[in-house]
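Below are some notes for a colleague who wants to look through this model before using it in further calculations. The points are numbered so that each can be checked against the coordinates in turn.

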Amino acid sequence: MINQTSHPGPRPLPLHMAVQTLMAMSSLAALPSLKSGSINWKPRLKKQAESLQKDLRNADPELFRAALEEQSRRQLAAFADGVRGYRAMPPTSRPEPPPAIWQSGTTRLLDYGVVNEKAANGPPLLVIPSLINRAYIVDLHSQRSLMRYLAARGVRPLLIDWGDGEPDFNLDDYICGRLSQALTAAQDLAGQPVTLLGYCMGGLLALALAQLRPEQIKALVLLATPWDFSAMDEGKTRLLRAILPQLEKTIDLGGTLPVDVMQALFAGLAPNLTPTKFRAFAELDPKSDRARQFTALEDWVNDGVPLAGPVARQCLNGWYIENTPGRGQWRVGGHKIRPQNIDMPTLVVAPKRDHIVPPATVLPLGDKIKHAEMLHIESGHIGMVVGSGAPKKLYRPLQKWLISNTT
């Protein structure tokens, strides 16, 4: 087992603390506008706001303000308690990774065919994670390991581990270089074409590889893979466009997009997520299974990898702002990558509660790929893979689909 001896998150902590403090201050500042009804509410909150406004007419202003201040202090204190509790947790234990059968630079190919005898001669599955987070999200711990679940049921998973990444690489370097080489190594090992599984950003890499090397690939699985970036929240896209020049300067200074900067960008997608989950953690028994699982996942969330500068520019500007994939203009190795060119059994998995990759960005893949099947999961982006319902919602149907389409 591997022990994670320290708990680095939540990153960046100063940002999360500042957001909580500002939310408390803004709640108090907005109180006069709330009572007067001058706040411009979102349509889905309008009825609740009108009801609250009526209730406030009969409330003692000073008592209500004092209650609001007390609630704000409690929430901030509960968040701080959750962070302290998380950092005081015992070291996280993770399964020992299997041996690497191939390596180039920082990239390794881990063979999960050795963790269970049922996997040794099973259909090979090349799993491609995102370049941003560590690969072990699919092998988090003994109760939540997609890799070991599939291996125990006759599939031979082979996991790409990007390590610390290559700071000078662009997407072509990763797809046409490292992934193409790893694909050949996987095919040589198994003696047959390989199924690709890409998760999040890894799904885009997998789709491009499937178009460029179809003779080596039997089937394709895309987990929470965005394609039409025009379906992202328009306000967040405008914000990214506005801050992109500063992000470019940050990349120029260090050659990469730092982990804390990326964490701040993700926090902006759902500002209440981190404080809410840490307040809930503060209520848990630190010796409970839920507390240990929270700690293992949170360690992974904060164990990011700086994104290579060229890749960061291609993704932020090309994907998120220019929507080159959705417009059919994304090029890899000189070729335009288009889902219509994929001609193999394909499974597209779309979590319904995904705030990182909204379902609307994924759905076009199901329409455009010739032989695509859609699997809609009542889950979030990460919970789909490691949540309590992951074995039933994802692991089981995925294993059945793989056996049906690759043997």
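1. Salt bridges overall. A search of the whole structure returns 17 salt bridges, and it should be kept in mind throughout that this is a predicted model.

2. Glutamate 70 and arginine 74 form a salt bridge in which the closest N and O atoms are 3.2 Å apart. Both residues belong to helix H4, which covers residues 61-87, and they are separated by four residues, or about one turn of the helix. Glutamate 70 counts as partly exposed because its relative accessible area is 31%, which lies between the 20% limit for buried and the 50% limit for exposed; arginine 74, with a relative accessible area of 53%, counts as exposed.

3. For the salt bridge of aspartate 252 with arginine 313, the closest N and O atoms are 2.4 Å apart. Aspartate 252 is placed in helix H8 (residues 234-254) and arginine 313 in helix H12 (residues 309-321), so this contact ties together parts that are 61 residues apart in sequence. Aspartate 252 is exposed, with a relative accessible area of 56%, while arginine 313 is partly exposed, at 29%.

4. The positive patch. Which residues gather in a patch of positive charge on the surface? They are Lys118, Arg153, Lys392, Lys393, Arg396 and Lys400.

5. Backbone geometry. In general, most residues other than glycine have a negative phi, and most peptide bonds are trans. Against that background, a colleague may wish to look at the following places. Arginine 11 and proline 12 are joined by a cis peptide bond, with omega at about -15°. Arginine 11 is in the loop between strand S1 (2-4) and helix H1 (13-29), and proline 12 lies in the loop between S1 and H1 as well; at 25% relative accessibility, arginine 11 counts as partly exposed.

6. Positive phi values. Cysteine 200 has a positive phi of about 60° although it is not a glycine, and its place is the loop between strand S7 (194-199) and helix H7 (201-212). Is cysteine 200 buried or exposed? Its relative accessibility is 16%, so cysteine 200 counts as buried. Alanine 224, likewise a residue other than glycine, has a positive phi near 45°; it sits in the loop between strand S8 (217-223) and H8, and at 0% relative accessibility it counts as buried.

7. A buried histidine. Histidine 381 is found in the loop between strand S14 (372-377) and helix H14 (383-386), and because its relative accessibility is 8%, it counts as buried. Histidine 381 and glycine 366 are 15 residues apart in sequence, and their C-alpha atoms are 18 Å apart in space.

8. The chain as a whole. The chain has 15 helices and 14 strands. Its radius of gyration is 23 Å, close to the 22 Å that the globule rule gives for 407 residues, so the chain is as compact as a globular protein of that length. The C-alpha atoms fill a box of roughly 75 × 50 × 45 Å along the principal axes, and 49% of the 407 residues count as buried.

Definitions and conventions: Residues numbered from 1 in each chain as written. Predicted model: local features only at pLDDT ≥ 70, side-chain atom pairs only at ≥ 80, totals over all residues. Heavy atoms only, no water. Patch = residues over 30% accessible without salt bridge, like charges linked within 9 Å, V, L, I, M, F, W, Y side chains within 5 Å. Areas by Shrake-Rupley, 256 points an atom, 1.4 Å probe, with all protein chains shown as cover. Salt bridge = Lys/Arg side-chain N within 4 Å of Asp/Glu carboxyl O. Lys, Arg positive; Asp, Glu negative; His and termini not counted. Charge placed at Lys NZ, Arg CZ, Asp CG, Glu CD. Helix = DSSP H or I, 4+ residues; strand = E, 2+ residues; numbered from the N terminus. Rg over C-alpha atoms; globule rule 2.2 N^0.38 Å. Buried < 20%, exposed > 50% of the residue type's maximum accessible area, 1.4 Å probe, protein only.
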